[in-house]
Amino acid sequence: MATSTASIADPRAKPDEGQVQKEWVSLKKIWVDALGAMKTANEFYLQTNNLWAEYEKAHPLAPERPRYHSGRQVAIIDNAVDALLAFYPTYHRYHLSEAEEKKAADDRLEGALQARYQDAVMWSMNVPTKQNGKQLELYNYTQIHTVLDVDAIRKPVQRRGEDLEDFQRREWEWDSRHLTWNPLRIEVPALGEVLCDPLEKIPQVAMRKRKLHVYELEDLALSKARRGVGVEWKGQGKDPYDEVEVLERITARWVVAMVDGKMLFLEPNPLWLV
């Protein structure tokens, strides 16, 4: 696997469109062999691999053979994950003082963090720690992202031309959700979705390619444009549920998103975290 990272720019510098594209291409070259091996492992797990590839190559005119896959390999992975790796992390704060009120405060902090984390897990499509375990068993590599949903803090703003009744309904929905709002979001990205420098334990640059629905991308672009950090984007002629690829570059200093090679928004990272 290639290990050169010469195309990665200074993470503190404000990036442009060309630099973002160059970094994405560079990281794809670094990861191409590893992602190929992971894809092969995934095919065996999903039982989509061709059992007779070599035979069919040597005998192209031979009749097709049955494609029976044993379930033993899949069962080994699933049982290992269910028995050993499907866990909930727990929090423990060492007491800095022997005073009873200090110990009680530490215990309350532990309980609050545990409740927040378990609620974030319930908002995830799959149990994140179980997905981590499966990826570790299959690929010997996994990622988990714990992020703050800062956009959920901001109250809705009436859009240009939006009906007052529709806007008030969005406000009421926001007020209702905010009563039990949890800022934590936990994600386990899919294979090859997020690329980082494999030689950095704490990466300085993360590149992510994901898909958003047209209506989601329009709302995201509008919110960034209103804050003066991006431009509006309209999916002219597209179905609202069509998917559009978005390329993101995240550093402790900057967050960038691009669509079709054009900058969608560029803003300072509010969390200073990758």
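**Close-up views of a predicted chain**

Among contacts in the chain (heavy atoms within 4.5 Å) between residues at least 6 apart in sequence, 62% join residues at least 24 apart. This is a predicted model, in which local features need pLDDT of at least 70 and side-chain atom pairs count only at pLDDT 80 or more, whereas totals for chains, interfaces and linings use all residues. Residues are numbered from 1 along each chain as its sequence is written, and side-chain values use heavy atoms, with hydrogens and water left out.

**Figure 1. The chain as a whole.** The secondary structure comes to 7 helices and 7 strands; helices (H or I, at least four residues) and strands (E, at least two) are DSSP runs, numbered from the N terminus. From the N terminus on, the order of the elements is α-α-α-α-α-β-α-β-β-β-α-β-β-β. The chain is more spread out than a compact globule, because its radius of gyration is 23 Å, well over the 19 Å that the globule rule gives for 274 residues. The radius of gyration is taken over C-alpha atoms, and the globule rule is 2.2 Å times the number of residues to the power 0.38. Along its principal axes, the C-alpha trace spans about 70 × 60 × 45 Å. Buried residues make up 29% of the 274 residues; buried means under 20% relative accessible area, exposed over 50%, and partly exposed in between (1.4 Å probe, protein chains only).

**Figure 2. The packing of helices α1 and α5.** Two packed helices are described by the angle between their axes and the distance between the axes. Helix α1 (residues 17-46) packs against helix α5 (residues 128-139) at an angle of about 110°, and their axes are 9 Å apart. This makes α1 roughly perpendicular to α5. Angles under 35 degrees count as roughly parallel, over 145 as roughly antiparallel, 65 to 115 as roughly perpendicular and the rest as oblique. Axes are lines fitted to C-alpha atoms, for helices over the stretch in contact, and angles run from 0 to 180 degrees between N-to-C directions. On α1 the contact is made by M38, A41, N42 and Y45, and on α5 by K134, L138 and Y139.

**Figure 3. The salt bridge of R208 and E193.** A search of the whole structure finds 14 salt bridges, each a side-chain nitrogen of Lys or Arg within 4 Å of a carboxyl oxygen of Asp or Glu. In the bridge between R208 and E193, the closest N and O atoms are 2.8 Å apart. The pair links distant parts of the chain, with R208 in strand β4 (residues 206-213) and E193 in the loop between β2 (184-187) and β3 (194-196), 15 residues apart. R208 is buried, at 16% relative accessible area, and E193 also counts as buried, at 17%.

**Figure 4. The salt bridge of K209 and E245.** K209 and E245 form a salt bridge whose closest N and O atoms are 3.8 Å apart. K209 lies in strand β4 and E245 in strand β5 (residues 243-250), 36 residues apart. K209 counts as partly exposed at 29% relative accessibility, as does E245 at 43%.

**Figure 5. The salt bridge of R170 and E162.** The side chains of R170 and E162 meet in a salt bridge (2.9 Å, N to O). R170 is partly exposed, with a relative accessible area of 24%, whereas E162 is buried, with 17%.

**Figure 6. The position of P63.** P63 lies in the loop between α2 (53-58) and α3 (72-85). P63 is exposed, with a relative accessible area of 69%.
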